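Hi everyone, thanks for coming. Let me walk you through a protein that may be new to you; please have a look at it first.

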Amino acid sequence: MKHSMNPISNETKEKIKNTLSVSSQNIDNFEKLYNKLLKNISYQYLAHIIRTLETYIRENKDMPFFRITCNPAKPEEPAKGLAWGLYRPAYSYDISYDETASEVQARVAIAHELGHLFCIIELQTNAEKSSEPLSSLFGIIAMLHKFQMLNKKEHHKSEDDIISDFSLLMNRKNRITNIS
C-alpha cells in the first residue's frame, strides 16, 4: 500500500515559496517530514466515520470519553483476512484487522466492524450476539458515502463493487475469507 504523496512539482513549490515567503529548503523538509508522518496512516482507514461515530457517542450516549481504535494485527491472530472488534461499554471499541489484507479488504472489514458498534449503540444489540447482516448494511452505507464524497473511484470502481465486497464477508460462515 502506498502511504506517501506524490512529489510536489517545482512549479507548485515556487508558488508556495512566493506566497508564504518560505525557503525551498523548508518546503523540501516539510514534504519529507509529511511523508514520514504518512507512514503511520495505514491504520487510519475510514477516519472520517470513526471520528464522527466517536463524537456522536460522546455527545449523545453519555459516554464523554469514548474512543474507537483501529490497529493492524498479525495474520496469525484470529479472523485471518478479516477484522474483529472488542466493545468495552462506555469506554472504547477496539478494531483489529489483518495487517496483510489489501487496502480494499481492510476498509471493507473495518467498515463492517463499525457497523457492529453502530448496532450496539443505536439498536442496543448485545455485543456478544451477531448483528449480521446489519453490520454490513452500515458498512455499505458508509462506503457509499465516501464513494459519493470523493466523486472519484479511489478504492472501488462502482457502487456494485462495494456491495459485492461486503457480500464476500458473508463467506466467513463457510470459512472463506474476504478475497475482494
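Let me begin with how elements are named: helices (H or I, at least four residues) and strands (E, at least two) are DSSP runs, numbered from the N terminus. Read from the N terminus on, the elements of this protein go α-α-α-β-β-β-α-α-α. That gives 6 helices and 3 strands.

A word on where this comes from. What you see is a predicted model, where local features need pLDDT of at least 70 and side-chain atom pairs count only at pLDDT 80 or more, while totals for chains, interfaces and linings use all residues. Residues are numbered from 1 along each chain as its sequence is written, and side-chain values use heavy atoms, with hydrogens and water left out.

Now the overall picture. The protein has 180 residues, and 38% of them are buried, meaning under 20% relative accessible area with a 1.4 Å probe, protein chains only. Contact means heavy atoms within 4.5 Å. Among contacts between residues at least 6 apart in sequence, 59% join residues at least 24 apart.

On to the helix pairs. Two packed helices are described by the angle between their axes and the distance between the axes. Axes here are lines fitted to C-alpha atoms, for helices over the stretch in contact, and angles run from 0 to 180 degrees between N-to-C directions.

How do α1 and α2 cross? Helix α1 (residues 10-20) and helix α2 (residues 24-38) have axes that come within 9 Å and cross at roughly 120°. Lys13, Ile16 and Lys17 of α1 make the contact with Ser24, Ile27, Asp28 and Glu31 of α2. By type, these residues divide into 2 nonpolar, 1 polar and 4 charged. Here Ala, Val, Leu, Ile, Met, Phe, Trp, Tyr, Cys and Pro count as nonpolar, Asp, Glu, Lys and Arg as charged, and the others, Gly among them, as polar.

Next, α3 (residues 47-60) and α4: their axes come within 12 Å and cross at roughly 15°. The two helices are therefore roughly parallel to each other, a label for angles under 35 degrees. Ile49, Ile50, Leu53, Tyr56 and Ile57 in α3 meet Leu114, Leu117, Phe118, Ile121 and Glu122 in α4. That contact divides into 9 nonpolar residues, no polar and 1 charged.

Finally, where is threonine 100? Threonine 100 sits in the loop between β3 (92-98) and α4 (103-122). Its C-alpha atom is separated by 9.7 Å from that of leucine 82, 18 residues apart along the chain.

Definitions and conventions: Angles under 35 degrees count as roughly parallel, over 145 as roughly antiparallel, 65 to 115 as roughly perpendicular and the rest as oblique. Buried means under 20% relative accessible area, exposed over 50%, partly exposed in between (1.4 Å probe, protein chains only).
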